[in-house]
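Hi,

Here is the structure I promised to pass on to you. Have a look at it first, and then read my notes below.

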Amino acid sequence: MGFVIGFIPVITWFWLSWQRYGSIVFEQFFGFVTKIATEQRNGNSPFYYLWNLPIKTFPWPLFSIFGLLLVCRRSFIKNGLILVVCPLIIFLEISMTSTRLPHYSLMLCPWMAILAGIGLDWLGEIYNQHFQKTKYFFLPRNLSYIFGSLGAVVFLAGIILNTGIIQISVSADIKTYSSIGLFLGLGWLSLPIIWLAYHRFGQKFLTANYWLAGWLLPAWFAIAVAGSNGLLSNYSPDVKLFVKKSEIADVLKNQSINFVVQKTETMTTGGDKALLLLTFETPSLGKRFQKLADVPINNYAWVSPEVEIGFLTNERQIGTFRDWKLIQVIERK
């Protein structure tokens, strides 16, 4: 029953998308699944995610390991299927898929977050105890010192890159990332300070909640800074710049735009991705045609770079994006 209920949002999404966009929704979706299962890209090995995922989600994989061990030890019968077996199956699936692109590992992040939360909660319990009461007292203590030292390095590097105290030739992208380092480094620096204040100087109000905040708040601020700098969005800035051109923007705002494409996965460079981007950037979608000659007079259309769609002599070209043309079919003179 739960399986059926879980599919209700998926079926609803497919139905609403089909109502608006037509059969291209199914062609793109199932065609994409076939494509990623057979296409080889970037030459990444089956062990790719073993190092790529920990680097890109650092330091949460470390706490996820603690959480994983705790689940296996304390509640595997109750929670092991959802918290251990399920992410393991997903990990094996994306590792066996031949494309192995970095963003596929995003599917594992919710489980990693849950396991990291379990691990952090356990470390917080140890933080509140005296060193003689638990043999694991060294874990939160050493983690505080290690990440405090790392935070000092990251914070100083961020200051140097942002202020130019030391003249180093760096790109604008590195300077953008360095602002993230300022927040992250300063947050990690608080960890040994909170630890020492609680355990060495008797500031008992600095409970585990403050220590845990030293882990979580810097990461949240770093994400906020990354978002404000455009590092978490706009991965295709060229399409944004293209549709803002006055001649393109006027047409998109006031006209319904058809699509002329024969294969939903065009084999030319950037074909299928360009189709997706242009679909999202087109407010009023028209019809889909497989031949350019089928577009009615005075209609506008995005035209695929495929040779199979044919050509016209009575077209007015308005703009070009990744070999896709925005045209108007005009009357023959």
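Let's start with Pro59, which sits in the loop between α3 and α4. (Helices here are DSSP runs of H or I with at least four residues, strands are runs of E with at least two, and both are numbered from the N terminus.) The peptide bond leading from Phe58 into Pro59 is cis, and its omega is near 10 degrees. Asn298 isn't a glycine, yet its phi is positive, at about 70 degrees. For background, most residues other than glycine have a negative phi, and most peptide bonds are trans.

Keep in mind that this is a predicted model, where local features need pLDDT of at least 70, side-chain atom pairs count only at pLDDT 80 or more, and totals for chains, interfaces and linings use all residues. Residues are numbered from 1 along each chain as its sequence is written, and side-chain values use heavy atoms, leaving out hydrogens and water. The mean pLDDT (the predictor's confidence in each residue, from 0 to 100) is 84 for the protein, with 87% of its residues at 70 or more. Where pLDDT is low, the predicted coordinates should not be read in detail.

Now for a helix pair. Helices α4 (residues 60-74) and α7 (residues 138-163) pack with their axes 13 Å apart, at an angle of about 170 degrees (axes are lines fitted to C-alpha atoms over the stretch in contact, and angles run from 0 to 180 degrees between N-to-C directions). That makes α4 roughly antiparallel to α7, a label for angles over 145 degrees. Leu62, Phe63 and Phe66 of α4 meet Leu139, Leu143 and Phe147 of α7. By class, the residues of this contact are six nonpolar, no polar and no charged (nonpolar means Ala, Val, Leu, Ile, Met, Phe, Trp, Tyr, Cys and Pro; charged means Asp, Glu, Lys and Arg; the others, Gly among them, are polar).

Note on methods: Angles under 35 degrees count as roughly parallel, over 145 as roughly antiparallel, 65 to 115 as roughly perpendicular and the rest as oblique. Contact means heavy atoms within 4.5 Å.
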